[in-house]
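Subject: Structure handover

Hello,

The structure that we spoke about is below, with notes on what was found in it. Please read the notes with the model open.

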Amino acid sequence: MMRYDTTVERRSTATGSALFLAVAAIALLLASCGSDGGMESEDYGNLLNSPAGLIVVEQEHPTGYGRPDCLVCHELRNIHAVNRTGLPDCTATPDEAPSAACLDLAAIRAIVRDQKEASCAPCHGSNGVEP
Ligand code: HEC
Ligand code: HEC
């Protein structure tokens, strides 16, 4: 029969939480530096699953509704980085016709890079901002 030494167990839990804090601190550092997607990308699930789809409505945007200054809170490098829509990615190969319903995140990023906050409303709605 195995017997656990509770002293050792307690010590390893303490090590575990110290490690967790260190990892959390590193994650925070990375988040504040922005990223090219990956783990730090903003994740609100599949936007197309909400009642108004891509259009942002007040209930799903309690923090940012009514504000025009999207990029104060949304870091460009952390959005439009991961396809969570369930649509296939548009294929870029010239000999393959892109499927009718596909998501081209690279194209979205290009539009957003060019037009900054002016680009948001055509895709995400007015966000409650008077035009
Ligand atoms: C004050 C900070 C802030 C501002 C300004 C802001 N947002 Fe947000 N946004 C958030 C936060 C936080 C969330 C997560 C939901 C929440 O808590 O409101 C979010 C969520 C979203 C989502 C995902 C919604 C969903 O379906 O789950 C979209 C899209 C979005 N914002 C677009 C915009 C656009 C476009 C603008 C500018 C017109 C904007 N945001 C301005 C903070 C902000
Ligand atoms: C050409 C259309 C288009 C434009 C322009 C656009 N978005 Fe999006 N946005 C999308 C789509 C489509 C998604 C869902 C992406 C996914 O699941 O990969 C999305 C997702 C988001 C999300 C959720 C997080 C994420 O990465 O999925 C936020 C936040 C967001 N957009 C904010 C903005 C802001 C702020 C602007 C303007 C600076 C903007 N968008 C401009 C189409 C657009």
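A term is needed before the notes: helices (H or I, at least four residues) and strands (E, at least two) are DSSP runs, numbered from the N terminus. This is a predicted model, in which local features need pLDDT of at least 70 and side-chain atom pairs count only at pLDDT 80 or more, while totals for chains, interfaces and linings use all residues. Residues are numbered from 1 along each chain as its sequence is written, chains are lettered from A and ligands are numbered from 1 in the order in which they are written.

Overall picture

The protein contains four helices and zero strands, and along the sequence this reads as α-α-α-α. Buried residues account for 4% of the 131 residues. A residue is called buried if 20 or more other C-beta atoms lie within 10 Å of its own, exposed if 12 or fewer do, and partly exposed in between, with C-beta atoms placed from the backbone. Two residues are in contact if their C-beta atoms, placed from the backbone, lie within 7 Å. Of the contacts between residues at least 6 apart in sequence, 65% join residues at least 24 apart.

Confidence

pLDDT is the predictor's confidence in each residue, from 0 to 100. Its mean over the protein is 79, and 64% of the residues reach 70 or more. Over residues 28–38 pLDDT stays under 50, and the model has 13 contacts beyond four places in sequence for them. Where pLDDT is low, the predicted coordinates should not be read in detail.

The two ligands

A residue counts as near a ligand if its C-beta atom, placed from the backbone, lies within 6 Å of it. For the classes, Ala, Val, Leu, Ile, Met, Phe, Trp, Tyr, Cys and Pro count as nonpolar, Asp, Glu, Lys and Arg as charged, and the others, Gly among them, as polar.

Ligand 1 is surrounded by 19 residues, of which Tyr44, Thr63, Gly64, Cys70 and Cys73 are the closest. The elements that give two or more residues to this shell are H2 and H4. H2 has the largest share, three residues. By class, the shell around ligand 1 has nine nonpolar, seven polar and three charged residues.

Ligand 2 has 26 residues around it, and those that come nearest are Cys70, Ile79, Ser119, Cys120 and Cys123. Two or more residues come from each of helix H2 (70–73), helix H3 (105–115) and helix H4 (120–124). H3 gives the most to this shell, with four residues. The shell around ligand 2 has 15 nonpolar, seven polar and four charged residues.

Places outside the helices

Most residues other than glycine have a negative phi. Two residues are worth a look on that point.

His80 lies in the loop between H2 and H3 and has a positive phi of about 55 degrees, although it is not a glycine. His80 counts as buried because it has 23 C-beta neighbours inside 10 Å. Leaving out residues up to four places away in sequence, His80 touches Leu105, Ile108, Arg109 and Val112.

Asn127 is in the segment after H4. Its phi is positive as well, about 60 degrees, and Asn127 is not a glycine. With 18 other C-beta atoms within 10 Å, Asn127 is partly exposed.

Thr85 is also in the loop between H2 and H3. Thr85 is partly exposed, because 18 other C-beta atoms lie within 10 Å. Thr85 and Asn46 are 39 residues apart in sequence, yet 4.9 Å apart in space, C-alpha to C-alpha. Not counting residues up to four places away in sequence, Thr85 touches Asn46, Leu47, Leu48 and Leu103.

Gly45 is in the loop between helix H1 (6–33) and H2. Is Gly45 buried or exposed? Gly45 counts as exposed, since it has 9 C-beta neighbours inside 10 Å. The C-alpha atoms of Gly45 and Arg84, 39 residues apart along the chain, are separated by 6.2 Å.

Regards
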